[in-house]
Amino acid sequence: MISKPMSDTQKTRQHWMSVMAKSSSDSLIKLSNVYMDQQDFENIRPAEVGLTQIRGRMGGTGSQFNVGDMTITRCVVQSAKGHYGHSYIAGRDKNHAIRAAQLDAMLQDPTHQYSIIQNIIQPLAHTLATQQAQKANNVAQTKVNFFTLVRGED
């Protein structure tokens with residue numbers, strides 16, 4: 001199956017949805033409380049917990065195999081202006097899924113997009129990048145290089 005390349009709009013939306021899904025629920029809700037007071041949303045698909053199967057590839061490019069199962073929470077809302085917001089969050093946090101879906105709907109509205117990206121998405125992305133760099137640094141400190149000496153059996 002050949003897929004079409006994503007447009008810039010799709011890539012941007014994919015980025016903000018990824019940041020909201022990977023961020024902590026507390027941080028996302030705390031940063032976004034200011035924007036939620038005047039907004040109305042209709043629940044299209046209320047937050048529900050489910051199970052999905054995770055697949056992987058050996059070395060990232062080999063044959064597919066089943067890694068295991070993972071709990072996810074998903075939600076779909078519609079804003080008063082008609083934008084649909086979707087979210088898929090790892091785990092069982094329904095409040096996190098609801099807030100991410102609400103923000104996704106608001107981010108599709110040009111009147112809120114710039115402000116939300118500046119005040120919510122970018123700080124969360126910065127925090128995630130810092131945490132990832134710290135984790136990579138911790139892993140790098142335990143790196144071991146293996147080598148074999150010539151044994152001279154020839």
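**Contacts and packing**

Reply: The side chains of R13 and D104 meet in a salt bridge, with 2.6 Å from N to O; a salt bridge here is a side-chain nitrogen of Lys or Arg within 4 Å of a carboxyl oxygen of Asp or Glu. R13 belongs to helix 1 (residues 8-22) and D104 to helix 3, so the pair ties together parts that are 91 residues apart in sequence. Helices (H or I, at least four residues) and strands (E, at least two) are DSSP runs, numbered from the N terminus.

Me: How many salt bridges does a search of the whole structure find?

Reply: Four salt bridges come out of the search. Please keep in mind that this is a predicted model, in which local features need pLDDT of at least 70 and side-chain atom pairs count only at pLDDT 80 or more, while totals for chains, interfaces and linings use all residues. Residues are numbered from 1 along each chain as its sequence is written, and side-chain values use heavy atoms, with hydrogens and water left out.

Me: How many bridges join strand 1 to strand 2?

Reply: There are 14 bridges between strand 1 and strand 2, which run antiparallel, and E42 stands opposite Q78 in strand 2. The two strands form a hairpin with six residues between them, where G59 in the turn has a positive phi of about 65°.

Me: And which residue of strand 3 is the bridge partner of Q78?

Reply: That partner is Y84. Strand 2 (residues 64-79) pairs with strand 3 in the antiparallel sense over seven bridges, and the hairpin of these two strands has four residues between them, with G82 taking a positive phi near 95°. Elsewhere, C75 stands opposite S87 in strand 3.

Me: Now helix against helix: at what angle do helix 2 and helix 3 cross?

Reply: The axes of helix 2 (residues 25-36) and helix 3 (residues 94-107) come within 10 Å and cross at roughly 45°. Helix 2 and helix 3 are therefore oblique to each other, given that angles under 35 degrees count as roughly parallel, over 145 as roughly antiparallel, 65 to 115 as roughly perpendicular and the rest as oblique.

Me: What about helix 3 with helix 4? Which residues make that contact?

Reply: The axes of helix 3 and helix 4 (residues 110-140) come within 8 Å and cross at roughly 135°, and these helices are therefore oblique as well. L103, M106 and L107 of helix 3 make the contact with H112, Q113, I116, I117, I120 and I121 of helix 4.

Me: And at what angle do helix 2 and helix 4 cross?

Reply: Their axes come within 10 Å and cross at roughly 170°, so helix 2 and helix 4 are roughly antiparallel to each other. S27, L28, L31, S32 and Y35 in helix 2 meet S115, I116, N119, I120, P123 and L124 in helix 4.

Key
Axes are lines fitted to C-alpha atoms, for helices over the stretch in contact, and angles run from 0 to 180 degrees between N-to-C directions. Two strands pair if DSSP finds at least two bridges between them. Contact means heavy atoms within 4.5 Å.
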